[in-house]
Amino acid sequence: MITLNRWIDKVDAVLRPLVGWSLLDYLAREGVPENAYDKTEIAQPTMFALQVAMVEWLRAQGVDAEACVGHSVGEVAAAYAAGALTLEQACRVIAHRSAVQGKTAGMGKMMAVGLSAAKRLALALLSRFGRRASTTLLAMLFVQLALAPLIPATAARAAMTLPMMMVVATIYRSTAQQPTNFGRNLFIQNMCGINIFSSGFMTGSTANLLAVGLIFTMGGQRVYYTDWMLANLPVALTAMALAWWAGPRWLFPLADTDLRPQLPGGLEALQAQLGALGPLTSRERKGAAIFALVIALWMTDRFQASWFG
């Protein structure tokens, strides 16, 4: 009978030569510091082992997933569960991923600012450009582009913008029960935009930051923020411009009823929501200033050593 312990032992046997310590010791907390899991090079392999053990235990109970989705650390276990990586390959990925990220410990800070800026931007754009399908699709893509450099989690951006996508789809009479080609274009283009725009900015995804770290540690080449942006953002913009232009024409051609909003009062309701937000609050102004400063610092990273020593 397959047990969780059996699979944790199996993962430990593969991981131990790669990381130089035993999962079993850390899970049993035998002779390890109380704050051991504060270290990403410890926490990530341990979470991976537990995820793999849970997947295999569920399979032994007859529960086998038809699809696998992983976020951040969970991406490695998801790749294993889907069969994209063997256990040995997945262990090498998680060992190297956690080791590279562990080297950055203490080198930066994380900031969380609660703002309605994304909602305000989406409402403003849709209120102004939402009367035609083409400009509505473009407005939503602009929102995804604006969020990409600031929020490095694609799942978070999807969660932030999905409610607005659903509202827009409803205004154009595209629902789960009666989907239209406008709705198909809207959701496919936004899902593509969430991922493709991530490639345009070094901070668009943790995978990009890992790539920069690998290039530096393995190739000795330092990649600056503007290097990444100038190399990748034009490609991302071109890809999404083609998707915006070709999708409604060839992939899911829009019918005449898809070209304009079909729900009476729908756009007016969005305008009312925008009005209800009122003018920018002092908190929102401060948050926007902080984000602008952060982006300015990122974009001038190549010069900061000479400026500040």
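**Entry 1: A79**

Leaving aside neighbours within four places in sequence, A79 touches A84 and L85, where contact means heavy atoms within 4.5 Å. I found A79 in helix 4, residues 74-81; helices (H or I, at least four residues) and strands (E, at least two) are DSSP runs numbered from the N terminus. From A79 to D256 I noted 42 Å in space, C-alpha to C-alpha, and 177 residues in sequence.

**Entry 2: conventions**

I number residues from 1 along each chain as its sequence is written, and side-chain values use heavy atoms, with hydrogens and water left out. As the model is predicted, local features need pLDDT of at least 70 and side-chain atom pairs count only at pLDDT 80 or more, while totals for chains, interfaces and linings use all residues.

**Entry 3: the chain as a whole**

I recorded 14 helices and zero strands for the chain. The C-alpha trace spans about 65 × 60 × 35 Å along its principal axes.

**Entry 4: helix 9 with helix 11**

I looked up how helix 9 (residues 181-196) packs on helix 11 (residues 225-251): the angle is about 175° and the axes are 10 Å apart. Axes are lines fitted to C-alpha atoms, for helices over the stretch in contact, and angles run from 0 to 180 degrees between N-to-C directions. Helix 9 and helix 11 are therefore roughly antiparallel (under 35 degrees counts as roughly parallel, over 145 as roughly antiparallel, 65 to 115 as roughly perpendicular, the rest as oblique). Helix 9 contributes N185, Q189, C192, G193 and I196 to the contact, and helix 11 contributes A236, A239, M240, A243, W244, G247 and P248.

**Entry 5: helix 7 with helix 9**

For helix 7 (residues 133-147) and helix 9 I noted an angle of about 20° and axes 9 Å apart. Helix 7 is therefore roughly parallel to helix 9. From helix 7 the contact takes A133, T136, L137, M140, L141 and Q144, and from helix 9 it takes F182, N185, L186, Q189, N190 and I194. The residues of this contact divide into seven nonpolar, five polar and no charged.

**Entry 6: the second largest pocket**

I then looked up the second largest pocket, which holds about 200 Å³ of space. On a 1 Å grid over the protein atoms alone, a cavity is a set of points where a 1.4 Å probe fits but cannot get out; a pocket is an open set with protein on both sides within 12 Å along at least five of seven lines; lining residues have an atom within 4 Å of a point. Grid points are joined across faces, edges and corners, and a volume is the space filled by probe spheres set on the points. The lining has 13 residues, and L138, A139, L141, F142 and L145 lie nearest the centre. Helix 7 gives the most to this lining, with six residues.

**Entry 7: the largest cavity**

I found one cavity of 30 Å³ or more. About 40 Å³ of space lies in the largest cavity. Its lining consists of L126, G130, T136, V168, I171, Y172, L267 and L270. Helix 8 (154-171) and helix 12 (266-277) are the elements that give two or more residues to this lining.

Definitions and conventions. Nonpolar A, V, L, I, M, F, W, Y, C, P; charged D, E, K, R; others polar.
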